[in-house]
Amino acid sequence: MFSDHKTTNKYLALFTFLVSLVIYSLTLAPTASFWDAGEFIAVAHGLQVNHPPGAPFYSIIGRVASMFMPTEYVAISINFVSALSSALTVMFLYLIVIRLVREFRGSPNEMSLVDKIGMYGGALVGSLTFAVTDTFWFNAVEAEVYAMSMFFTAIVVWLALKWSENHDQEYNERWLVLIAYMFGLAIGVHLLNLLAIFFVALIVYFKKKDFTLISFSIMGAIAVVSFLVVYPFTIQTLPDWTDKIGDATYGLIGPVTFVLIILLSLAWGIYFTHKNKYRLANICLISYAMIMIGYSSYSVIMIRSIANPPVDENDPETVEAFVKYLKREQYGDTPIFQGRNFDNANGRVNPDAQDYFPRRHSQDPRDVAFYARYDSDWDFFWDYQINHMYIRYFNWNFIGREADIQDTGWRSGFEEAKYPNNRANNAYYFIPFLLGIFGLIFHFTSDWRRAFAILTLFIVTGLAIIIFLNQDPYQPRERDYAYVGSFFAFSIWIGLGVTGIIDLLKAYVKDNTAVSYAVVGLCLIGSPVLMGSQNWDDHDRSERYVAPDYAKNLLNSLAPNAIVFTNGDNDTFPLWYAQEVEGVRTDVRIVCLSLLNTDWYIKQMKNQWSHESAPLPINLTDEEVDRVTARIDRWQPRTINIPVDKDLLKKAFSEDSEYKEAIGVTPDTSLQILYTGTDFEIPVDSLDNEVSWRVNGRVYGQDAQGNSVNYMQVQDLMILEILQSNNWLRPVYFANTVSQQSMLGLDDNDYLRTEGKAYRVVPKKTPSKYAGWIQPEIHTRRLRNFSFTEWNNPDAYFDENIRRMLGNYRYSFLQLAETFEELGQPDSAATYLRMAEEKIPFRPDEENYNLQALFAAKYISLNDTLSGGRLAMNIKDGIIAEIENNFDRFITAQTRAEEMRLEFEAARRSGDINTQRSLRPQINSIYERTQNLGDEIMRTRQYLAITIYALFKSGNDAEAQSIASDINPLFTGTPFPPLPENEAASRIEIQRYGLD
């Protein structure tokens with residue numbers, strides 16, 4: 001058996017490919033997902049321009065994959081690109097392990113059968129383990145660049161080892177040239193692949209040179225220079241020179257001429273070195289040419305931007321804009337080795353500081369408060385950036401994961417599960433981790449040179465990225481996808497760990513093939529099979545349609561020709577997908593508020609059509625836009641007044657053709673949607689004569705006199721500009737996911753009306769206890785047309801982000817039920833509560849119990865004690881566990897705060913100024929954390945009090961009294977009031993909440 005290595009290896013490699021491809025195909029997302037996937041699908045299908053620094057080669061591949069597909073299969077075809085790329089990556093990982101074993105074992109034809117079993121078995125275990133790791137599997141089943149980027153890393157590593165095997169043969173350099181081409185293509189996907197340059201350099205060095213400190217240092221310098229030549233020189237600096245060459249040469253050389261000079265110089269250099277037999281220089285120049293050829297995919301960005309597609313981020317149609325796009329300037333600058341930093345002495349970030357290795361650089365007030373918990377940058381670096389933002393992710397992949405809740409930790413399986421109902425509660429009992437550690441040791445003892453190369457790959461795709469990203473606290477999502485190359489490297493050692501175990505056993509059982517097969521079988525079961533079974537349910541997206549449903553529901557909540565303000569990526573990208581791929585409501589203009597802070601986006605919105613949507617009513621010139629976006633000025637709170645021209649509106653809401661001129665549309669347009677205006681579904685005469693409300697702005701802090709310092713972001717000023725210039729002609733909405741701050745006080749001043757999943761700005765002040773007042777006829781008309789595909793499927797997995805969004809929907813139904821109840825229509829109220837539970841049932845893995853408690857209270861209020869009691873019984877144990885956990889954390893924080901206070905007092909008495917300065921921000925931080933925990937306990941206690949009330953009202957008195965008797969002893973001697981112990985006391989408390 002295994003006598004023919006070539007055949008065996010080929011079939012086993014194919015096996016790993018097919019197994020992983022089947023896994024990814026069965027769990028593949030059938031449509032767009034949240035975060036960047038919706039954008040990538042929309043951009044790839046229409047060859048548009050996505051967020052900086054772009055992924056043009058990925059878009060080209062996505063376009064090829066989807067261009068002949070029916071609309072309903074476009075998303076899944078582009079998702080499948082990730083699945084296929086990932087399956088190929090798994091196959092190459094198998095081949096990489098085989099080649100690494102051959103490096104120290106020699107030809108397979110000279111190996112014993114046991115050694116072959118160890119080699120093939122280890123490669124199978126390592127590759128299949130990586131196939132089902134948490135992060136890699138997540139990337140494999142959605143439209144994202146990380147799967148394809150990982151494929152390029154895998155093929156570069158394999159090609160380097162392929163060259164290593166053939167390094168002494170004629171024309172062996174062709175493998176290095178091919179590697180260079182892979183680097184060039186990968187630039188058009190993601191820059192992470194370039195980090196493999198250091199691995200390639202080490203493989204070449206150890207084959208060509210004996211190790212000495214001098215030669216190793218020279219190799220390191222060459223590797224660093226090679227990396228810098230590609231990034232940033234080729235990717236950023238050359239385009240920057242192209243932009244500036246005109247000014248530098250007084251117009252003698254333009255951008256096109258400069259590019260031609262570069263290309264002709266490169267071609268001449270290749271010709272000259274070939275003619276004069278400068279072999280090494282010739283190979284270097286050819287390799288650089290291959291990188292440039294691969295990098296040329298970026299020409300698609302400028303070409304498509306010139307066409308002004310609907311999605312044209314950064315508008316990089318000029319060389320100057322293209323350079324800004326490549327440099328990601330819209331995201332601001334992050335200091336890496338030197339720059340601004342947090343000062344423990346005053347508890348602030350000093351913007352003028354030039355500290356070395358600054359880790360605490362963000363000036364966001366929340367981040368500053370977080371920084372105060374640490375004594376130094378090194379403490380923050382090791383505890384947060386290394387431990388929390390890397391080691392935690394590493395452990396998720398090879399030890400186990402606690403839950404899919406943001407910032408939760410890892411678990412091995414030997415401890416009690418904190419979130420037993422969470423589908424991402426996965427435990428691997430250290431098995432993959434220990435195999436990898438053993439593989440690392442075995443690899444270094446067997447072949448330290450290649451082991452060092454893998455270690456370098458592991459470090460540069462892990463630790464180096466941590467240093468480069470320099471991440472702030474409070475990330476909007478988990479960032480484990482950035483380190484998948486590091487997990488790839490460790491999976492190689494998992495495979496070598498199996499090989500090492502079998503090698504170790506030879507000393508005890510000789511060449512016993514049965515034992516060897518048994519070891520491979522046990523390792524397969526203990527690593528990839530165990531991990532696959534644990535991870536399947538929280539990586540299966542085959543029944544997840546929430547993101548496109550959310551997009552369609554929001555778009556269909558809007559009146560024709562509407563303008564809708566969205567918050568950021570997660571409530572914008574699905575809408576782009578719905579419009580650009582499925583053609584849903586292309587009359588609506590989507591305005592992403594986070595992008596509305598940039599000059600290019602404002603100019604696009606005011607100057608360009610998007611499908612059937614006219615440009616936005618912005619009366620600023622381009623020069624005025626540049627001035628507005630160039631700085632942020634202090635804002636003096638003031639009253640904004642916008643008149644309502646009812647005569648104009650009566651004309652616009654009729655068939656009068658003058659409406660087109662009123663909104664700046666040329667009279668000869670053939671777009672039917674613009675023939676008439678879209679009224680407010682209430683008589684024009686009932687509208688207010690003027691919309692007037694106070695805009696306070698955002699709070700920045702206080703001045704020296706203690707006065708509040710306020711400011712307005714550019715997006716806030718643009719919202720005001722649009723509202724004032726629109727003359728109430730086009731419907732203007734806020735998505736109900738937009739923050740309260742961004743609504744500029746319109747919600748508090750009763751000018752918003754709830755319509756489905758959006759708030760429409762209506763020039764009629766209507767008092768309401770909600771963010772938007774509800775007109776049941778309009779709101780229910782929207783809700784009845786909503787899509788809820790598979791939302792009530794108990795087998796469908798919804799992560800924390802989706803569960804939070806489902807809560808948003810349920811709250812809309814709850815508000816509607818309360819409105820019907822206030823109107824004296826209890827049957828309608830109960831109908832919509834039941835509709836919410838039918839369409840969006842509460843799930844056992846949801847940790848947020850407030851809505852279930854409110855639903856229970858509302859059922860009780862509507863005399864449906866059975867439903868109220870059912871929900872109360874479902875959530876009581878979860879709320880009790882949450883309140884006990886938060887209480888323990890509160891006591892711990894309170895104890896620590898008291899200890900620090902005593903330390904501060906001791907320092908004050910001894911006159912130790914430095915200690916006082918160091919402790920002051922930490923004390924403020926721990927006090928704030930204690931206060932936040934106390935507030936959280938009070939909120940949770942409120943939900944528990946509502947649950948107790950529902951239990952009393954539904955006849956579950958014993959359960960209600962048991963909860964109170966269990967929890968009240970905890971609250972003794974604390975600021976938290978005891979829970980009611982009888983129905984009368986419970987009713988009094990509920991009345992205080994306004995729920996009875």
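**Exercise 1. Which helices each supply at least two residues of the lining of the second largest pocket?**

Before you start: this is a predicted model, where local features need pLDDT of at least 70, side-chain atom pairs count only at pLDDT 80 or more, and totals for chains, interfaces and linings use all residues. Residues are numbered from 1 along each chain as its sequence is written, and side-chain values use heavy atoms, with hydrogens and water left out.

*Step 1.* On a 1 Å grid over the protein atoms alone, a pocket is an open set of points with protein on both sides within 12 Å along at least five of seven lines, while a cavity is a set where a 1.4 Å probe fits but cannot get out; lining residues have an atom within 4 Å of a point. Helices (H or I, at least four residues) and strands (E, at least two) are DSSP runs, numbered from the N terminus.

*Step 2.* Read off the helices: α8 (173–187), α9 (197–208), α10 and α12 each put in at least two residues. The top contributor is α10, with nine residues.

*Step 3.* Look at the middle. Of the 30 lining residues, Val204, Ile222, Ser226, Leu280 and Cys284 sit nearest the centre.

*Step 4.* Sort the lining: 22 nonpolar, four polar and four charged. Here Ala, Val, Leu, Ile, Met, Phe, Trp, Tyr, Cys and Pro count as nonpolar, Asp, Glu, Lys and Arg as charged, and the others, Gly among them, as polar.

**Exercise 2. Work out why helix α14 (residues 319–326) is described as largely enclosed.**

*Step 1.* Find the packing partners, taking contact as heavy atoms within 4.5 Å.

*Step 2.* Step just past the helix: arginine 328 has a positive phi of about 55°.

**Exercise 3. Describe the surroundings of arginine 392.**

*Step 1.* Locate arginine 392: it belongs to helix α16 (residues 377–398).

*Step 2.* Buried or exposed? Arginine 392 is buried, at a relative accessible area of 5%.

*Step 3.* Skip residues up to four places away in sequence, and arginine 392 touches Asn387, Asp407, Thr408, Gly409, Trp410 and Glu478.

*Step 4.* Now check its side chain, which makes a polar contact with the side chain of tyrosine 393 (3.4 Å). That term covers a pair of N or O atoms within 3.5 Å; within protein, one must be able to donate a hydrogen and the other to accept it, and residues adjacent in sequence count only if both atoms are side-chain atoms.

Note on methods. Buried < 20%, exposed > 50% of the residue type's maximum accessible area, 1.4 Å probe, protein only.
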